[in-house]
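Hi everyone, thanks for coming. Please have the sequence and the 3D view open while I talk, and stop me whenever a term is new.

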Amino acid sequence: MKKQFIFILLPFFIASASSQSTNEFKVNAVLDSWHKAAAEADFNAYFNAMTDDALFIGTDAKENWNKTAFMAYAKPHFDKGKAWSFSMIERHIYFNSNHTLVWFDELLNTQMKICRGSGVLVLQKGKWKIQHYVLSMTIPNDVSDEVVKIKTPIEDLLITILENKK
């Protein structure tokens, strides 16, 4: 009886694992293509990979853009034929239980050296789309005090401005 039970459940486990690996492959392909589109200054491919309500949060504290604002910021860079070039070093992908939502984090090799990207993809009409992306510069702990000294005069003013908006 135990052997029959195992053989009955085995196809379900295989199908589930296969579904996850297929979806993981698709998510990786979307993110890799998205980074490639930026490197090749392919404006349409880059922004078509994002949902209409997508958010992009950049490395500067003032960079919190909806898709329309991010497109306006990025257009001149893409028009020059050179946007930015990020290549993935490491990526972790996580799915919700029904495989309609993904969150991820990645380390990237960039012109700013190592950066971390993280975000959310949603399944829309059978295609994975980027809905939320956060880009952060990494700061090695050994030099964080030096970095804080450099950014303090700039960000003290910004903190005051932002706190006064509350």
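Predicted model: local features only at pLDDT ≥ 70, side-chain atom pairs only at ≥ 80, totals over all residues.

Residues are numbered from 1 along each chain as its sequence is written, and side-chain values use heavy atoms, with hydrogens and water left out.

A word on the names. Helices (H or I, at least four residues) and strands (E, at least two) are DSSP runs, numbered from the N terminus. Two strands pair if DSSP finds at least two bridges between them.

Back to our pair. Strand E4 (residues 101-110) and strand E5 (residues 113-124) run antiparallel, with 10 bridges between them. The two form a hairpin, with two residues between them.

Now, where do these strands sit in the sheet? The sheet is open, with six strands in the order E2-E1-E6-E5-E4-E3 and mixed pairing. At the edges are strand E2 (64-66) and strand E3 (87-95), each of which pairs on one side only. On average, neighbouring strands are turned by 15 degrees against each other, direction ignored. For angles like this one, axes are lines fitted to C-alpha atoms, for helices over the stretch in contact, and the angles run from 0 to 180 degrees between N-to-C directions.

E3 pairs with E4 in the antiparallel sense, over eight bridges. Their hairpin has five residues between the strands, and in it His 99 takes a positive phi near 55 degrees.

Please find Arg 91 next. Across from Arg 91 stands Glu 106 in E4. The side chain of Arg 91 also meets that of Asp 32 in a salt bridge, at 3.0 Å from N to O. This pair links distant parts of the chain: Arg 91 is in strand E3 and Asp 32 is in helix H1 (residues 2-39), 59 residues apart. A salt bridge here is a side-chain nitrogen of Lys or Arg within 4 Å of a carboxyl oxygen of Asp or Glu. By that rule the count is six salt bridges.

Moving on, E5 and E6 are antiparallel and share 10 bridges. In the hairpin of E5 and E6, with two residues between the strands, Lys 125 has a positive phi near 50 degrees.

Which way do E1 and E6 run, parallel or antiparallel? They run parallel, joined by four bridges. Phe 56 stands opposite Tyr 133 in E6, and Phe 56 also has Trp 65 in E2 as a bridge partner. Strand E1 (residues 50-57) and E2 run antiparallel, with three bridges, and a hairpin of six residues joins them.

Across E1 and E2 lies helix H3 (residues 67-79), at about 105 degrees to E2.

Last stop, the largest pocket. A pocket is found on a 1 Å grid over the protein atoms alone, as an open set of points with protein on both sides within 12 Å along at least five of seven lines, and lining residues have an atom within 4 Å of a point. Its space is about 510 Å³, where a volume is the space filled by probe spheres set on the points.

Sixteen residues line this pocket, and nearest its centre are Thr 59, Asp 60, Met 137, Lys 151 and Glu 155. Strand E6 (127-137) and helix H4 (144-165) each supply at least two lining residues, with the largest share, seven residues, coming from H4.

Thanks, and I'm happy to take questions.

Conventions: Contact = heavy atoms within 4.5 Å. 1 Å grid on protein atoms, 1.4 Å probe; cavity = no way out; pocket = protein on both sides within 12 Å on 5 of 7 lines; lining within 4 Å.
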